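Reader: I am new to this one. Please show me the structure, and then I will ask about it step by step.

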Amino acid sequence: MLLIPCPWCGPRDEAEFGYGGQAHVPYPQDPAALSDREWARYLFFRDNPKGPHAERWCHSAGCRRWFNAVRNTATNEVLAVYRVGEPRPVTG
Amino acid sequence: MVEHVEKHSPLGGFAARLAAATRASGGAVRLAELPFLTQVNVRLDAKGPAADAVRLALGIPLPVAPNTMVRGGGLAALWLGPDEWLVVGPPGTASGLEARLRGAVGGTHAAVTDVSAQRTALLVAGPRSRDLLAHGTSLDLHPRSFGPGRCAQTLLARAQVVLAARDERRPGFWLLVRSSFAGYLAEWLLDAAVEYAEPPS
């Protein structure tokens with residue numbers, strides 16, 4: 001099982017967490033101005049890298065806070081965790 | 001017609017079996033329900049004036065360090081999140097405690113909610129209590145990392161619990177579990193405790 005370090009509670013079992021998809025996907029400034037194609041791109045298109053990926057997690061069975069994590073999608077290694085609103089840290 | 005409503009604890013029917021498991025273990029594990037504890041959920045800005053007001057009203061501060069608990073004056077304040085705490089008190093004091101907290105936070109941006117019926121409490125104590133809980137949680141319960149004053153919201157045997165270490169020298173824990181999960185968790189604890197029963201002589 002993955003051990004995910006919650007920025008509040010410390011390392012906990014993966015089973016305590018919920019996955020929230022890619023992080024840092026900003027809501028469009030003026031959604032009404034978008035074309036259907038741009039809106040669809042915002043709604044449905046996400047990165048799918050092999051390697052470090054910034055994503056949202058929620059510690060649902062613990063403090064119930066959302067936070068961001070940089071996870072290597074190839075090795076499942078959690079490279080960094082940081083709180084919502086903080087910029088993505090530089091990871092090697 | 002007014003019907004008399006009797007209060008039932010979620011584990012009322014388990015008392016005899018929990019006591020029997022305690023006896024069978026020869027004191028290695030102690031299991032018992034602590035029914036009807038007063039529990040009030042408090043949400044407020046830890047850096048705001050409401051936190052100070054609550055500290056004065058309760059006589060104990062709301063802990064700001066994650067996974068810690070502060071006890072005093074018959075109350076315990078457990079950290080649940082950066083802006084959320086659970087204040088636990090003796091049975092039957094819910095309305096008084098809620099009123100005290102509501103008075104303290106006043107008109108600030110805060111929430112005080114009586115959640116006494118949400119969870120019941122179990123006492124898991126004795127020299128093998130750590131081993132018993134380790135069957136169902138990956139948390140390190142050694143006093144070095146989970147000593148007195150520590151608490152945690154985690155999964156025990158896949159059931160969501162609030163686990164708190166009693167501040168006594170002998171190992172012991174409080175387990176706050178949602179009422180609808182209490183029966184399942186009690187069955188699980190009784191099953192896990194079979195291992196620590198003394199062989200019949």
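**Two chains and their contact**

Author: One point before the questions: this is a predicted model. We start with the interface of chain A and chain B, where 3 salt bridges are found.

Reader: How many residues does the contact take from chain A, and how many from chain B?

Author: Contact here means heavy atoms within 4.5 Å. By that rule, chain A gives 12 residues and chain B gives 16 residues.

Reader: What area do chain A and chain B bury between them?

Author: Carbon and sulfur atoms carry 44% of the buried area. The total for chain A and chain B is about 1100 Å².

Reader: Which residue forms a salt bridge with A:Arg65?

Author: The rule asks for a side-chain nitrogen of Lys or Arg within 4 Å of a carboxyl oxygen of Asp or Glu. For A:Arg65, the closest N and O atoms are 2.6 Å apart. The partner lies in chain B: B:Asp83.

Reader: Where do the two ends of the salt bridge of A:Arg64 and B:Glu84 lie?

Author: The side chains of A:Arg64 and B:Glu84 meet at 2.9 Å, N to O. The pair crosses between chains. A:Arg64 sits in the loop between β4 and β5 of chain A, and B:Glu84 sits in strand β5 (residues 84-89) of chain B.

Reader: Which residue is the bridge partner of B:Arg43 in β5(B)?

Author: Strand β2 (residues 38-43) of chain B pairs with β5(B) in the antiparallel sense, over 6 bridges. B:Arg43 has its bridge partner in β5(B), and that partner is B:Glu84.

Reader: Which side chain of chain A does B:Ser138 join in a polar contact?

Author: B:Ser138 is placed in the loop between α4 (129-134) and α5 (143-146) of chain B. Its polar contact has a length of 3.0 Å, and the side chain at the other end is that of A:Asp13.

Reader: How many residue pairs are in polar contact across the interface, and how many salt bridges does the structure hold over all chains?

Author: Across the interface of chain A and chain B, 10 residue pairs are in polar contact. Over all chains, the salt bridges number 10.

Reader: In what order do the elements of chain A run?

Author: Chain A has 1 helix and 6 strands. From the N terminus on, the order is β-β-β-α-β-β-β.

Reader: Why is one side of β3 and of β6 in chain A left without a neighbour in the sheet?

Author: The open sheet of chain A has 4 strands, in antiparallel pairing and in the order β3-β4-β5-β6. β3 (18-22) and β6 (78-83) stand at the edges, so each has a single partner strand.

Reader: Which residue of β4(A) is the bridge partner of A:Gln22?

Author: β3(A) and strand β4 (residues 52-58) of chain A are antiparallel and pair over 3 bridges. In β4(A), the partner of A:Gln22 is A:Glu55.

Reader: Which residue in the turn between β5(A) and β6(A) has a positive phi?

Author: β5(A) and β6(A) pair in the antiparallel sense over 5 bridges. A:Phe67 stands opposite A:Arg83 in β6(A). The two strands form a hairpin with 5 residues between them, and the residue with a positive phi, about 65°, is A:Asn76.

Reader: Which strands stand at the edges of the open sheet of chain B?

Author: The sheet of chain B holds 5 strands in the order β3-β4-β5-β2-β6, with antiparallel pairing. Two of them have a single partner strand each: β3 (69-72) and β6 (111-114).

Definitions and conventions:
Residues numbered from 1 in each chain as written. Chains lettered and ligands numbered in written order. Predicted model: local features only at pLDDT ≥ 70, side-chain atom pairs only at ≥ 80, totals over all residues. Heavy atoms only, no water. Buried area = accessible area lost by both parts, 1.4 Å probe. Polar contact = N/O pair within 3.5 Å; in protein donor to acceptor, adjacent residues only side chain to side chain. Pairing = 2+ DSSP bridges.
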